[in-house]
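These are my notebook entries on a single structure, kept in the order in which I looked things up.

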Amino acid sequence: MIDLKSMLPEELEAYVVSLGQPKFRAKQLFAWLTKGVAGFDEMRNLPQSLRERLTAEAEINVLSLLEKQVSQSDGTTKYLWELRDGNAVETVVMRYEYGLSVCISTQVGCRQGCAFCASTIGGLVRDLTAAEMLDEVLYSQMDQGEKISHIVLMGIGEPLDNYENVLRFLRLVNQQEGLNIGMRHIALSTCGLTEQIDRLAQENLQITLALSLHAPDDETRSMLMPANRGRGVAEVTAACERYFKRTGRRVSFEYAMIDGVNDTPLQAQKLSALARKVKAHVNLIPLNHVEERRFSPSTKENLRAFCAILDSEGVNYTIRRSLGGDVDASCGQLRRRREGAKQSGTETQTRVTSKDVKE
Ligand code: SAH
């Protein structure tokens, strides 16, 4: 089947021309594709012969909803989608003062092997296509009944390990005739693949780069994140500096606070020095507990002491609000639960509890 939804406007144009149609049909088709219609029959301004041809050789919708969880405290919505090949990925929609933000997955599984992360257990299954990522946004928007204004690539997968499709996706959502989401409203998070960070900087996209730093020293970072081995904190943060210089976009450092692992005063000092050097904004994240993992979140006292050092060092930081604490917390967990249920033969149930969201 032809993957129409992954096509950029000029590619769609070449395709319709190859079918003996005038160029303007591509515009009509593109507009329909980002309206989320269920079938080619609904594309009423296209001639019937074209609709029939498309129905026979192209596909439109690449996701179907398996499960939806809505947080009762803050409305955060988590979707589990089934892909055409039976795999599943997650998308989360969060509400902020500035609007709706969607957190999308970029791969089925992940091969980066971070020691605290649920998404990488079981490794990488496959890359998502641009169409699948687009549908994560489009379907979430349709279900919310409200325009999505921001996108973060922080769900399952390593976006820079699926570079071509992710770039294509970014260009697609940015189209004025499409979802029309500005590059400045998009953030991409990476474990720090330096070569691809440099490549991304050259694209001049104005998206925000977030580096999952999680530790300022090589010993701890390499233990937590295999991607650090053979690169090192100095090299990874230097790539962030180059990104900032080239794009003028300030980088953020993601830092999940893990009890006794990366939350010592010395690490707070080292993190401060890095943040100042790169002029990065630090995002402290309360670690989400993952059943299969041995780590726990930092204690309140350690978090407070850590922040006091960042304050005294003049570092720009925020503590990420943990939204949707009553839906299966961090990305990868809903999918993991389904994999487990498939193996044990039990059904997945929509679980919505009223437990309060952690601040
Ligand atoms: N592969 C990309 C994006 C996916 S993960 C990356 O590494 O950045 C999105 C963010 O969630 C990353 O910062 C990741 O390190 C973090 N994360 C993963 N598991 C987590 C957990 N259990 N608790 C808190 N943050 C976690």
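Which of the 17 residues around the ligand come nearest? I found that Gly157, Ser189, Ser212, His214 and Asn288 do, where a residue is near a molecule if one of its heavy atoms lies within 4 Å of it.

Before going further I note that this is a predicted model, in which local features need pLDDT of at least 70 and side-chain atom pairs count only at pLDDT 80 or more, while totals for chains, interfaces and linings use all residues. Residues are numbered from 1 along each chain as its sequence is written, and side-chain values use heavy atoms, with hydrogens and water left out.

**Ligand shell.** A backbone N or O atom of Gly157 lies 3.0 Å from a ligand nitrogen, and a ligand oxygen is 3.3 Å from a polar backbone atom of Thr190. For Cys191, I read 3.4 Å between a polar backbone atom and an oxygen atom of the ligand. The protein buries 92% of the 530 Å² that the ligand exposes when taken alone, with areas from the Shrake-Rupley method and a 1.4 Å probe; for residues, only the protein chains shown count as cover. Strand 10 (186-190) and strand 12 (252-257) are the elements that give two or more residues to this shell; helices (H or I, at least four residues) and strands (E, at least two) are DSSP runs numbered from the N terminus.

**Whole protein.** I counted 11 helices and 14 strands. The radius of gyration is 21 Å, which agrees with the value near 21 Å that a compact globule of 359 residues would have; it is taken over C-alpha atoms, and the globule rule is 2.2 Å times the number of residues to the power 0.38. The C-alpha trace spans about 70 × 50 × 35 Å along its principal axes. Of the 359 residues, 56% count as buried, meaning under 20% relative accessible area, with exposed over 50% and partly exposed in between (1.4 Å probe, protein chains only).

**Helix 2.** How many of the 10 residues of helix 2 (residues 24-33) are buried? I find 7, so the helix is mostly covered; Arg25, Gln28 and Trp32 are among them. The cover over these buried residues includes helix 1 (9-18), helix 3 (48-57), helix 4 (130-144) and helix 5 (163-173).

**Glu59.** I placed Glu59 in strand 2 (residues 58-59), and because its relative accessibility is 17%, Glu59 counts as buried. Its side chain makes a polar contact of 2.7 Å with the side chain of Arg84. Beyond neighbours within four places in sequence, Glu59 is in contact (heavy atoms within 4.5 Å) with Met1, Ile2, Leu4, Phe40 and Arg84.

**Arg293.** Arg293 sits in the loop between strand 13 (281-286) and helix 10 (300-312) and is partly exposed, with a relative accessible area of 22%. Where does the side chain of Arg293 reach? I read 3.1 Å to the backbone oxygen of Cys117. Not counting residues up to four places away in sequence, Arg293 touches residues including Cys114, Phe116 and Ile121.

Definitions and conventions
Polar contact = N/O pair within 3.5 Å; in protein donor to acceptor, adjacent residues only side chain to side chain.
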